[in-house]
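Visitor: I am new to this structure. Please show me how to read its features.

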Amino acid sequence: MANDHYFSATPESPARPRQITVTLAGRTLSLTTAAGVFSPDGVDRGTRVLLGSVPPPAPDGALLDVGCGWGPIAITMGLLSPDATVWGVDVNERVLDLARHNADVAQAPNVSIALPGDVPADLRFRTIWSNPPIRVGKDELHDILTTWLPRLEVDGDAWLVVSKDLGGDSLQRWLHDSLGSSFHVTRATTDKGFRVLRVHRTAE
């Protein structure tokens with residue numbers, strides 16, 4: 001239906017699966033996307049900026065992709081850090097199925113795709129990468145970030161890519177004001193109209 005959004009829990013529009021060829025972690029892969037998901041034609045510009053500018057994720061421990069979509073960020077983390085356990089979370093049932101399928105195709109068995117409530121509550125993350133769903137609205141976005149960013153381990157890093165035109169600078173200020181003194185928020189880079197923000201957690 002026309003009212004479907006990529007952040008709808010259960011898209012009602014026909015899926016119309018399609019095959020795309022993408023390069024993730026230096027590997028060329030044939031993956032599947034569909035209608036009713038974010039960026040069905042390939043890796044979007046913001047995600048490309050993120051993947052092209054951040055340091056490698058932690059080599060082990062638990063890693064997280066918030067708003068995983070059909071899986072490009074979570075799969076990249078899984079391929080770069082095969083000894084880590086990577087979680088990709090989303091609320092859209094269609095993309096969860098796609099991301100699981102794509103992780104299998106990419107031979108990334110360390111990637112687990114789940115609804116947010118299915119991630120163990122006591123799990124802490126060494127690295128978080130995210131192209132967060134800005135268009136869900138400010139209040140919902142803030143709820144998402146204040147749910148996951150406090151679950152960084154001490155000395156862990158979160159890297160977020162946000163369009164400057166969609167509030168990247170104001171989000172940086174909000175994170176600085178909201179997360180507390182043990183979280184240090186900086187702008188790591190600007191590229192193609194996107195801000196890449198780093199959130200580093202230190203000891204209390």
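Guide: This is a predicted model. Start with a β-α-β unit: S6, helix H4 (residues 138-148) and S7 form one, and it is right-handed.

Visitor: In which sense do strand S6 and S7 pair?

Guide: Strand S6 (residues 125-130) runs parallel to S7, with five bridges between them. Within this pairing, Thr-127 is opposite Asp-157 of S7.

Visitor: Which strand runs antiparallel to S7?

Guide: Strand S9 (residues 194-201) does, joined to S7 by seven bridges. Trp-159, for example, has Arg-198 in S9 as its bridge partner.

Visitor: How many residues of strand S7 are buried?

Guide: Nine of the twelve residues in S7 (residues 152-163) are buried, so the strand is mostly covered.

Visitor: What about the nonpolar cores?

Guide: The largest has 36 residues, and Val-22, Leu-29, Leu-50, Trp-70 and Ile-75 are those with the most contacts inside it. A second, separate core has 26 residues, among them Trp-148 and Ala-158.

Visitor: How many salt bridges does the structure hold?

Guide: There are seven. In one of them, Asp-169 pairs with Arg-195, and their closest N and O atoms are 2.7 Å apart. Asp-169 lies in helix H5 (residues 168-178) and Arg-195 in strand S9, so the pair ties together parts that are 26 residues apart in sequence.

Visitor: Is Arg-195 buried or exposed?

Guide: Arg-195 counts as buried, because its relative accessibility is 8% and the cut-off is under 20%. Through salt bridges with shared partners, Asp-169, Arg-187 and Arg-195 form one network.

Conventions
Residues are numbered from 1 along each chain as its sequence is written. This is a predicted model: local features need pLDDT of at least 70, side-chain atom pairs count only at pLDDT 80 or more; totals for chains, interfaces and linings use all residues. Side-chain values use heavy atoms; hydrogens and water are left out. A nonpolar core is a set of buried Ala, Val, Leu, Ile, Met, Phe, Trp, Tyr and Cys residues joined through side-chain atoms within 4.5 Å. Buried means under 20% relative accessible area, exposed over 50%, partly exposed in between (1.4 Å probe, protein chains only). Helices (H or I, at least four residues) and strands (E, at least two) are DSSP runs, numbered from the N terminus. Two strands pair if DSSP finds at least two bridges between them. A crossover is right-handed if, with the strands pointing away from the viewer, the path from the first strand over the helix to the second runs clockwise. A salt bridge is a side-chain nitrogen of Lys or Arg within 4 Å of a carboxyl oxygen of Asp or Glu.
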